[in-house]
Amino acid sequence: MARISLTPPRTLLNRFGAWYSRRAYGQVLEPGLAYGHNARVLFTYVRLEQRAAKWNALDGGLKHLAVMAAAARMNCSWCMDFGYWEGRAKGISPEKAGKVPVWREAREAFTELELLVMEYAEAMTETEPAVTDELAAALIGRLGEAAFVELTAMVALENMRSRVNSAFGLTSQGFKESCEIPAGR
């Protein structure tokens, strides 16, 4: 259960945000409702997400796996639920997305580079980051500096999302269930 009301003031910004969210995602995103209690924070957060969505130095599939690995490490059920749904829209198979939380036990499902990216996301997500010089050098060598910077920023952004959602008490919003094929088909 959310620790903050998901009924923010009915300001123009919140109404527009709800309209856009329904149009883009099929429902109003609960983090937006929680942020809606502070217009400046909501506006700044939305701008950050809009600008981060335009970053393109890192492959989108790698970026998504890094985000999901960080969310799984933080145990953010809202982020995992949304990430599963968003991954499907980005062409990541449900089987692969479902293995992200246990990627160490399902290494065969991922490429060597994907494994490095998820290892980096987890290491960066530790309360005291556990990124090693060797891990950073391996990724810079494979991705280049621009993509490495983007990877680092995306993992940091997901850490913010997951920590905020967890602190707000937000849990799964049902995105994953909307992706699954009903039994008997």
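Reader: Which helix gives the largest share of the lining of the largest pocket?
Author: The largest share comes from α1, with ten residues. Helices here are DSSP runs of H or I, at least four residues long, numbered from the N terminus. This is a predicted model, in which local features need pLDDT of at least 70 and side-chain atom pairs pLDDT 80 or more, while totals for chains, interfaces and linings use all residues. Residues are numbered from 1 along each chain as its sequence is written, and side-chain values use heavy atoms, without hydrogens and water.

Reader: How much space lies in that largest pocket?
Author: About 1,300 Å³, as the space filled by probe spheres set on the grid points. A pocket is an open set of points on a 1 Å grid where a 1.4 Å probe fits, with protein on both sides within 12 Å along at least five of seven lines.

Reader: How many residues line it, and which lie nearest the centre?
Author: The lining has 46 residues (each with an atom within 4 Å of a point). Y20, Y25, L29, Y45 and E49 are nearest the centre of the pocket.

Reader: Which elements give two or more residues to the lining?
Author: Those are α1 (12-25), α2 (30-35), α3 (39-52), α4, α5 and α9 (145-168).

Reader: And the lining by class?
Author: There are 26 nonpolar, ten polar and ten charged residues in the lining of the largest pocket. Asp, Glu, Lys and Arg count as charged, Ala, Val, Leu, Ile, Met, Phe, Trp, Tyr, Cys and Pro as nonpolar, and the others, Gly among them, as polar.

Reader: Change of topic. At what angle do α4 and α5 pack?
Author: Helix α4 (residues 60-74) packs on helix α5 (residues 77-89) at about 160°, and their axes, lines fitted to C-alpha atoms, are 9 Å apart. The two are therefore roughly antiparallel (over 145 degrees).

Reader: Which residues meet there?
Author: From α4, H64, M68, A71 and A72 meet C79, M80, G83, Y84, E86 and G87 of α5, contact being heavy atoms within 4.5 Å. By class this contact has six nonpolar, three polar and one charged residue.

Reader: What about α7 and α9, at what angle do they cross?
Author: The axes of helix α7 (residues 112-125) and α9 cross at roughly 50° and come within 10 Å.

Reader: Which residues in α7 meet α9?
Author: V117, Y120, A121, M124 and T125, and their partners in α9 are F148, L151, T152, V155, A156, N159 and R163.

Methods
Axes fitted to C-alpha atoms, helices over the stretch in contact; angles between N-to-C directions. Parallel < 35°, antiparallel > 145°, perpendicular 65-115°, else oblique.
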